[in-house]
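Biologist: I'd like to learn how to read a model like this one, feature by feature. Shall we put it on the screen and start?

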Amino acid sequence: MFADWTFGRRLAAAFTVAGIVFVCLITLAFLATNSLIANDATVSHTYAVKENLAQLLSDLKDAETGQRGYVITGDESYLEPYTAALPHITNVLGTLKTLTADNPHQQDRWGRIEPLIASKLAVLKQTIDLRRTQGFDAALAVVNNGSGKAVMDQIRGVLADADKEETDLLTQRNAATEQSATSAISVILWGGLAGAIATGLIGWFITRALSHQIGAAVGHVQSSSAELQAAATQQATGVKEQVTSMSEINTTISELLATSRQIAESAQRVTQISEQTTSAARSGDGTVDRANDSISGIRRQVDQVVGHMLDLGKKSQQIGAVLDIVTELAEQTNILSINATIEAVGAGESGKRFSIVADEIRKLADRVSISAKEIRALIDDVRSSVNTTVMATETGSKAVDSGTRQFGDVATLFREIASLVVTTTEAAREIELSTKQQATAVEQVNIAIANVAQATRETEASAGQTIQTATELATTSRDLLRLVKSKAA
Amino acid sequence: MNDLSELDIRLFGMRNAFDASFAEPAARVEATPLDFVALRIGDQPYAIRTTEISGLYAGLAVTPVPTSVPALIGIAGHSGEMLPVYDLALLLGLSASDGSWAVIDAGNSVGLLFSVFEDHWRIDTDEVMPTNDGGHHKHIQQMARRHEELRPVVSIPSILASIREQAASPRHKE
């Protein structure tokens, strides 16, 4: 039943029980003390009544003493006790009535004593007046008749009865007071003893229960603090590694940021270049058209060159034919000169001079032949060159045709390139924008990383603090466990 | 331009030489030079003395005739006379040539066909020397030299003697 109770509930229950015990004890003690006080008050009340009874008798005696002194001496100063006692007697009698209002016997006595006192005071006044008016003897006669003494004796008897009753009451009330004191002492003594025993039992029970519960809890706290210490140590190690990693990440992010900025700048340059390329491609489109026209012009020029070259080849062939004639003439001249030389030799001495002329003619024919050969070589070179040129020109013409077709393809490709360059420009702009956004994001990441690094450093400090706290907690739990175990034992 | 300038210089030199030849005194031939016709038979170079021939001819029209003489190609007309034309290569013991050039001996009796006429040599007598093989070939007894070039000299009289010898042989007569 109590196993499930909480710490506070057990303490509350224990203190409640102890409180109830002490409340009961205090109540009993209060009642006993109150009864003792009440009994003591009745005793004091009785003493007060007895004192007023004595005071009333004394006041009557003072009045009688003053009366006697004045009667004897006739001196007014002896009347002072009498004069002082008169109002006091009335007051004391009133006080006695009040004090004994709950006692019908005493009230009856006061009813009886009041005429006696009035009678006594009347006798005294009579004697005093007689002494003052008629002298000592008259007054002495009245005193001697004994009326005053008789009244005084009656008063004494009534007061003695009243005092006796009060004495009886005092005896009864003292007994009651003594009984109340005994009861109070018993209540305080035994109640205190019972409260102490109850408190001890409750303390033992609470201590036993709480020692077990707190000991178990402290054991858990100790093991938990040890685990917390280990976890905090591991966390500190992890946080240190994390700090290192965050530093590396920070460096990497910084490099990444720089790279992103470089990429953004490069993308911006690419955009500018793409825009320039777009402009150049557009102007290049017109250039391609003009170049196409130029190629067509070149085509016509090449055709004309081919025609002229073919004419030049024909002219070369004609020159070759003429040169064949010249060569033939030179050879024939040479033959004729040789034959003339032979004839001159046959003519003997007279033919020697002719032989010289023939020799000159032969030399001239040789020179003509050599020149004709050179011309032939040159003509051959020219024809070869013409043929080569014609072939090259025809090849060039074909190349121009192919070039014209290819140039058309190039123009088409150029337009496609222009279109693609526009697309590239847009893509480069998107890349630039994206890279700027990326750079911004990387900056934010950098800031976040810096914040994380700061938080990690704080976590590191916190982990150190946690380790210290866990260590202190472990120490405290050990001390507490030692205290709890020793207390439990 | 350089070639053209060079041609101009050559033309200028030729013109001056030609003009100077008329201003020079009549030449006196101190030494007797020897004239040769430089020719090619087959692919071999040879030379023939101009004194042993009466003329050099190109494109001599030869009419083939049936004959048992291998070297006899045919006959040709020259200066109103009929001449037998022989292949000089076969006469020299070489393989047959397909030439169209011909020389005619000094006696205008025989035409000798060869491959190509190359040049006309005029050299001194001391440039003509006997062959090193000691006259092993019966038609070639001398060598002619111009500059550093040596050519065997074909002896036309020896050729003619050989032709006559063949013509006079009994087998040929039959």
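Biologist: Let me begin with one side chain: by relative accessibility, does A:R261 count as buried, partly exposed or exposed?

Modeller: The general idea is a cut-off on relative accessible area: under 20% is buried, over 50% is exposed, and partly exposed is in between, with a 1.4 Å probe and protein chains only. A:R261 comes out at 41%, so partly exposed. Before we go on, this is a predicted model, where local features need pLDDT of at least 70, side-chain atom pairs need 80 or more, and totals for chains, interfaces and linings use all residues. Residues are numbered from 1 along each chain as its sequence is written, chains are lettered from A and ligands numbered from 1 in the order written, and side-chain values use heavy atoms, without hydrogens or water.

Biologist: Which side chain does A:R261 meet in a salt bridge?

Modeller: First the idea: side chains of opposite charge can pair when their charged atoms come close. The rule here wants a side-chain nitrogen of Lys or Arg within 4 Å of a carboxyl oxygen of Asp or Glu. A:R261 meets A:E443, at 2.6 Å from N to O. That pair links distant parts of the chain, with A:E443 in helix 6 and A:R261 in helix 5 of chain A, 182 residues apart. Helices (H or I, at least four residues) and strands (E, at least two) are DSSP runs, numbered from the N terminus. A:E443 is partly exposed too, at 31%.

Biologist: What does the salt bridge between A:K50 and A:D163 tie together?

Modeller: Their N and O sit 3.1 Å apart. A:K50 is in helix 1 and A:D163 in helix 5 of chain A, so the pair ties together parts 113 residues apart in sequence. A:K50 counts as buried at 18%, while A:D163 is partly exposed at 28%.

Biologist: Now helices. Which residues of helix 4 of chain A are buried?

Modeller: An α-helix has 3.6 residues a turn, so residues three or four places apart point the same way. In helix 4, residues 136-144, the buried ones are A:A138, A:A139 and A:V142. They fall within an arc of 95° (taken over directions from the helix axis to the C-beta atoms), so they line one face of the helix. The face turned away from them carries the exposed A:D137 and A:N144. The cover over the buried side includes helices 1, 3 and 5 of chain A, contact being heavy atoms within 4.5 Å.

Biologist: And the interface: how much area do chain B and chain A bury between them?

Modeller: Interface size is often given as the accessible area lost when the parts come together. Here that is about 1700 Å², 62% of it on carbon and sulfur atoms, using a 1.4 Å probe and summing over both parts. B:M14, B:H120 and B:R122 supply 28% of what chain B buries against chain A, more than any other three residues. In contact terms, 21 residues of chain B meet 18 of chain A.

Biologist: How many salt bridges cross the interface of chain B and chain A?

Modeller: The rule finds two. One of the salt bridges joins B:R10 to A:E374, with the closest N and O atoms 2.7 Å apart. B:R122 also turns up in a salt-bridge network with B:D35, A:D359, A:E360, A:R362, A:K363 and A:D366.

Methods. Buried area is the accessible area (1.4 Å probe) that two parts lose on being put together, summed over both.
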